[in-house]
Amino acid sequence: MATVLVVDDDAKIRDLLRLYVEREGHRVLFAADGESALETAMRKHLDLILLDVMLPGLDGFEVSRRIRDASDVPILLLTARSGEGDKVIGLDMGADDYVVKPFSPRELMARVRALLRRRRLDAEHEEPILVAGGLEVDPNAVEARLDGRPLELTPFEFRILRGLMRRPGRVFSRDELIDAIHGDDDPGIIDRTIDVHLGRLRRKLGDDPARPRFIATVRTVGYKFVAAVERRDPTAATA
């Protein structure tokens, strides 16, 4: 049984979400505004947060950013705005996924199951540390360093980088890269916003698109990680 925090200022939507989540056998906590959501997130052990964007006071984007600074709990944004810009902002602020209102109950719960499953698998398995030249990515600590300096990556950027480094030299289309990031359970709605995040990731890596050190564009096809990747035992790194 997971503990899910539902954050929405509309009581009817809170009750509806409670019904869906409890049918899956999970425990539900509630918050009606951003401040209450932050307080609950800091006090309780949570497995997932369903977070409305349009909240009184602190909006969902800011709540997501503050929670992500302190926790890796999965965040699923609920938004009435379907524009690509809002999706990019939400992912940049630390959200793991988003659903546009009015939402399909089946789609929503598919996303909930996918996020909870991924969190459980992440907790059960330690992954090797990925090293390529001066770039080091630790999937277990969710940390990346470049030439000894910490990289400030959003969660989505981190997952893109990890997905590419797991299969160096392999060309990923956008859809295949999304699958590599989210796994087989993801409903797959992130579409071309992945290009925006890849562009930001490459700038943080200092990659010149004409002569990339790490990530290359394969025209009309997708992207690939061009450097050789070494896999290191995470237990040896902490011994």
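User: How do the residues of the lining of the largest pocket divide into nonpolar, polar and charged?
Analyst: The lining of the largest pocket has 14 nonpolar, 5 polar and 17 charged residues. Ala, Val, Leu, Ile, Met, Phe, Trp, Tyr, Cys and Pro count as nonpolar, Asp, Glu, Lys and Arg as charged, and the others, Gly among them, as polar. One caution: this is a predicted model, where local features need pLDDT of at least 70, side-chain atom pairs count only at pLDDT 80 or more, and totals for chains, interfaces and linings use all residues. Residues are numbered from 1 along each chain as its sequence is written, and side-chain values use heavy atoms, with hydrogens and water left out.

User: What is the volume of the largest pocket?
Analyst: About 1,000 Å³. A volume is the space filled by probe spheres set on grid points, which are joined across faces, edges and corners. The grid is 1 Å, over the protein atoms alone; a pocket is an open set of points with protein on both sides within 12 Å along at least five of seven lines, a cavity is a set where a 1.4 Å probe fits but cannot get out, and lining residues have an atom within 4 Å of a point.

User: Which residues lie nearest the centre of the largest pocket?
Analyst: Arg68, Asp72, Ala141, Val142 and Pro155, out of 36 lining residues. The elements that give two or more residues to this lining are α3 (60-70), α5 (105-124), β8 and α6. The largest share is from α5, with 5 residues. Helices (H or I, at least four residues) and strands (E, at least two) are DSSP runs, numbered from the N terminus.

User: Switching to cavities. How many of 30 Å³ or more does a search of the whole structure find?
Analyst: The search finds 1. The largest cavity holds about 70 Å³ of space.

User: What lines the largest cavity?
Analyst: It has 11 lining residues, and Leu77, Thr79, Asp86, Lys87 and Tyr98 lie nearest the centre. β4 (75-79), α4 (84-92) and β5 (97-100) each give two or more residues. α4 gives the most, with 3. By class, the lining has 5 nonpolar, 3 polar and 3 charged residues.

User: Now sheets. What is the strand order in the parallel one?
Analyst: The order is β2-β1-β3-β4-β5, in an open sheet of 5 strands. Two strands pair if DSSP finds at least two bridges between them. β2 (27-31) and β5 are the edge strands, each pairing on one side only. The twist averages 20° from one strand to the next. Axes are lines fitted to C-alpha atoms, for helices over the stretch in contact, and angles run from 0 to 180 degrees between N-to-C directions.

User: How many bridges join β1 to β3?
Analyst: 4 bridges join β1 (residues 3-7) to β3 (residues 48-52). For instance, Leu5 has Ile49 in β3 as its bridge partner.

User: Which helix packs on that sheet?
Analyst: Helix α1 (residues 11-23) does, touching β1, β2, β3 and β4. Contact means heavy atoms within 4.5 Å. The direction of α1 makes about 165° with that of β2.

User: And which strands form the antiparallel sheet?
Analyst: That open sheet has 5 strands in the order β9-β8-β7-β6-β12. Its edge strands are β9 (149-150) and β12 (230-232). Helix α6 (residues 155-166) packs on the sheet, touching β6 (129-132), β7 (135-138), β8 and β12.

User: Where are the residues with a positive phi in its hairpins?
Analyst: Gly133 has one near 60°, in the hairpin of β6 and β7, with 2 residues between the strands. Val142 has one of about 50°, in the turn of the β7 and β8 hairpin, with 4 residues between the strands. Leu135 of β7 is the bridge partner of Ala132, and Leu135 also has Leu146 in β8 as a bridge partner.

User: Last one. At what angle do α6 and α8 pack?
Analyst: About 80°, with their axes 10 Å apart. So α6 and α8 are roughly perpendicular to each other. Angles under 35 degrees count as roughly parallel, over 145 as roughly antiparallel, 65 to 115 as roughly perpendicular and the rest as oblique. Among the residues that meet are Phe156 and Leu164 in α6, and Ile194 and Leu205 in α8.
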